[in-house]
Amino acid sequence: MTKRLIVGITGASGVIYGIRALQMLKAAGVESHLVLSLAAKATLAQETGWKVSDVLALASVNHDHRDVGATIASGSFVTGGMLIAPCSVKTLSAVANSYSSDLMSRAADVCLKEGRPVLLMLRETPLHLGHIRLMAQAAEAGAILFPPVPAFYVNPKTVDDIVNGTVGRALARLGIENEGYTKWRGMGEATNNEQ
């Protein structure tokens, strides 16, 4: 597994998922390449106390969302894949339709064409048939659909527990082992939160 991951943060609600992913990647010693959309910057201000500069500082490398000539826009730049957290329906649509109008969608398209995992943490509900069709189309192209659904079987006590568990599980799905989530040990076994 290449110790390099692309992280996209879109303007969908839930920018904390992308922020937490960057924190966990840094702690795991994984090189992160961040693409932060304009809408994500606005959502960041609305949902968190984070400054854009502080989020950018979490990444190993930052890329302008308009720079379709960036390193991550080429298949010759080897990565372990891409996580888009959160993923807006607009970005889902671009990925599903191979519409590479910006670096976020271009990097995802490159990963898919190179057979690298692209995990979309889709943030939208309720879903209409158009959304579901886009999800199916993205999955057919090889994307992993990973809505941030909390795992309540681990008895989370705080919102932070839910965010950590969700992001930890997403990173594990991409092959990056981490301590963010509780591993299932069977019914009746104590979880990390119960010890």
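Predicted model: local features only at pLDDT ≥ 70, side-chain atom pairs only at ≥ 80, totals over all residues.

Me: How many salt bridges does the structure hold?

Reply: Side chains of opposite charge can pair when their charged atoms come close. A salt bridge is counted when a side-chain nitrogen of Lys or Arg lies within 4 Å of a carboxyl oxygen of Asp or Glu. The structure holds five of them. In one, glutamate 31 pairs with arginine 4, and the closest N and O atoms are 2.9 Å apart.

Me: Which parts does the pair of glutamate 31 and arginine 4 tie together?

Reply: Glutamate 31 belongs to strand 2 (residues 31-36) and arginine 4 to strand 1 (residues 4-9), so the pair links parts that are 27 residues apart in sequence. Helices (H or I, at least four residues) and strands (E, at least two) are DSSP runs, numbered from the N terminus.

Me: Is arginine 66 buried or exposed?

Reply: Buried means under 20% relative accessible area, exposed over 50%, and partly exposed in between (1.4 Å probe, protein chains only). Arginine 66 is exposed, at 61%. Its salt-bridge partner is aspartate 64, with 2.6 Å from N to O; aspartate 64 is partly exposed, at 34%. Another salt bridge joins lysine 183 to glutamate 177, the closest N and O atoms being 3.4 Å apart, and lysine 183 is partly exposed, at 40%.

Me: At what angle do helix 1 and helix 7 pack?

Reply: Two packed helices are described by the angle between their axes and the distance between the axes. Axes are lines fitted to C-alpha atoms, for helices over the stretch in contact, and angles run from 0 to 180 degrees between N-to-C directions. Helix 1 (residues 15-27) and helix 7 (residues 159-173) pack at about 65°, with their axes 9 Å apart. The residues in contact (heavy atoms within 4.5 Å) include Ile16, Tyr17 and Met24 of helix 1 and Val163, Val167 and Leu171 of helix 7.

Me: Where is phenylalanine 146 found?

Reply: Phenylalanine 146 is in the loop between strand 6 (144-145) and helix 7, and it is buried, at 16% relative accessible area. Leaving aside neighbours within four places in sequence, its contacts include Leu119, Leu122, Thr166 and Arg173. The C-alpha atoms of phenylalanine 146 and leucine 119 are separated by 6.5 Å, although the two residues are 27 residues apart along the chain.

Me: Which residues make the nonpolar surface patch?

Reply: Patches are made of residues with over 30% relative accessible area and no salt bridge; like charges are joined within 9 Å, and nonpolar side chains (Val, Leu, Ile, Met, Phe, Trp, Tyr) within 5 Å. Accessible areas come from the Shrake-Rupley method with a 1.4 Å probe; for residues, only the protein chains shown count as cover. Here Leu127, Leu129 and Ile132 make a patch of about 250 Å². Isoleucine 132 lies in helix 6 (residues 129-140).

Key:
Residues numbered from 1 in each chain as written. Heavy atoms only, no water.
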